[in-house]
Structure formats: C-alpha cells, structure tokens
Amino acid sequence: MEDIMPFEFRQCVSILKSTGKKAANVRELRELIQTVSDDCIFHHTYQYFLKGHILEYTNDFAHWVGKNLEESALSELLSNIDPYDFLEIHDLRNELGKVIDEYLAAFPEPREAMAGEEFHFNETVTLIFPVGIKARNLAEFFTAMRYINTASIYYHFYEARMRLGGGVDDFSRWVEDAFEKKELAGRIRAIDPFMHRMEDIKEHIIEAIEEEVKTDMEVIDRCLTNM
C-alpha cells in the first residue's frame, strides 16, 4: 500500500460581528435577508449547529420565527431548507426569500416581536487551525475521535459538506481515499447532520470506526492463526 496521508484534525473558532441590522417581524426579516452580506447568510444557516442550538430548528431564521414570533408553520418551512443543497449562498438566499414570500402571501400581517426580541443580523470571522492531532491509521483515528471537541466535528463534518460538496465530509473522504473503505465511508455520510447533536454525531462516527477496527483485527487474527 502506498504511503497514507495522515488525517490532520482541525477546528474552527468564530468571532461574532454585529451588522447593526435587526428585524421585528417576518416582513422586515425578508427585506434584510435580501440585502445582508453572504457572510451574514452563511453565519445564520451553515454555522447554526456550531452554536449548540436545539434540534427543533436548523437555522437562526427558523429558530427566531418559531421561538420569538411563534409562527410555527413558517418556522417548519424554513427548517426544511437544507443549506447543503445549494452550491452558492445566492441560491440559498433566494430560497429563503421564496419561502417567506409564499408565507406572507397567505398571511400578510405577521406578528411583531416583543421589544428586545428582534432578530439581530450578525456575521462572523472564522479562524481555522490544526489542533495538533494526526491519525495515520483507523486505530489512531478512533483514539483521536474520543478526544477532539465539537468545534472539530463541526469543521470536518458540517463545514466540509459545503467545501467538498455532494454530501461528503472530511472523515468519510479520508477513510475512502486512504483505505478504500467505501462501506465505512457510506455509513459516516449517512449520518444525518440535522437529526443529531454534534456530540451524537461524534459518537456515531466513533462506533462505526470501532466496529471497523475490530473487524480488521479479527481478520488479522484469523490470518495469523492459519499461518
């Protein structure tokens, strides 16, 4: 086997930056979604899970609409939007606007948020850096996964899906490219990023890797026994 490129674990830290813009109702939210920067849309959608929010929602817009405005129908529609289905922020922005426009056509007088509960549009400066851990085989990868934090899980499992496209994450790509373990890669990719907390995703990946390592060890034991 050719030399295997080690998997280098990285993580990201986001520094919040306010845009100074806020919305008090769905109509104002719609207008500002159309004009804020791509970085702002990215923060409120792709980076939602980095904040450790509850799984009832999948982006900040749906969260605010559901929790602060109690517009549950619109909240559900916004939560159904998968940002990883879009190659460009522009297309995601248009889909958000389309969903809100259709809702406003049916319910033209949206509720007002209480004072202090407006939606505040923010951006982030994201810093990405190595954590000083590398894995050269699945056993090392299994051990490393037990110690990395959720910021690393976010970078390699969530952020990578936008970076690599096609629903591919860094973990599954490495095990497939380095070891040609397509079935294991498929199991990792099948973990739904919207149905699990990052801690649970970490545990699911650990379980899949542990099972694969045990299988490999059993094969080695049988080969040694038959020698």
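This is a predicted model: local features need pLDDT of at least 70, side-chain atom pairs count only at pLDDT 80 or more; totals for chains, interfaces and linings use all residues.

Q: OK. How many helices and strands does the chain have?
A: The chain has 10 helices and two strands.

Q: And what pattern do they follow along the sequence?
A: Read along the sequence, it goes β-α-α-α-α-α-β-α-α-α-α-α.

Q: What does the C-alpha trace span along its principal axes?
A: About 80 × 30 × 25 Å.

Q: What share of the residues counts as buried?
A: 46% of the 227 residues in the chain.

Q: And the accessible surface?
A: That comes to about 12,400 Å² for the chain. Carbon and sulfur atoms hold 51% of that surface.

Q: Switching to contacts. Take pairs at least 6 apart in sequence: what percentage joins residues at least 24 apart?
A: 71% of those contacts in the chain.

Q: Charges next. How many positive and negative ones are there?
A: The chain has 25 positive and 43 negative charges.

Q: Now M195. Where is its place?
A: M195 is in the loop between α9 (182-189) and α10 (198-225).

Q: Is M195 buried or exposed, and why?
A: Exposed, because its relative accessibility is 57% and the cut-off for exposed is over 50%.

Q: How far is M195 from T58, in sequence and in space?
A: M195 and T58 are 137 residues apart in sequence. In space, the C-alpha to C-alpha distance between M195 and T58 is 9.4 Å.

How values were computed:
Residues are numbered from 1 along each chain as its sequence is written. Side-chain values use heavy atoms; hydrogens and water are left out. Helices (H or I, at least four residues) and strands (E, at least two) are DSSP runs, numbered from the N terminus. Buried means under 20% relative accessible area, exposed over 50%, partly exposed in between (1.4 Å probe, protein chains only). Contact means heavy atoms within 4.5 Å. Accessible areas come from the Shrake-Rupley method with a 1.4 Å probe; for residues, only the protein chains shown count as cover. Lys and Arg count as positive and Asp and Glu as negative; His and the chain ends are not counted. The place of a charge is taken as NZ of Lys, CZ of Arg, CG of Asp or CD of Glu.
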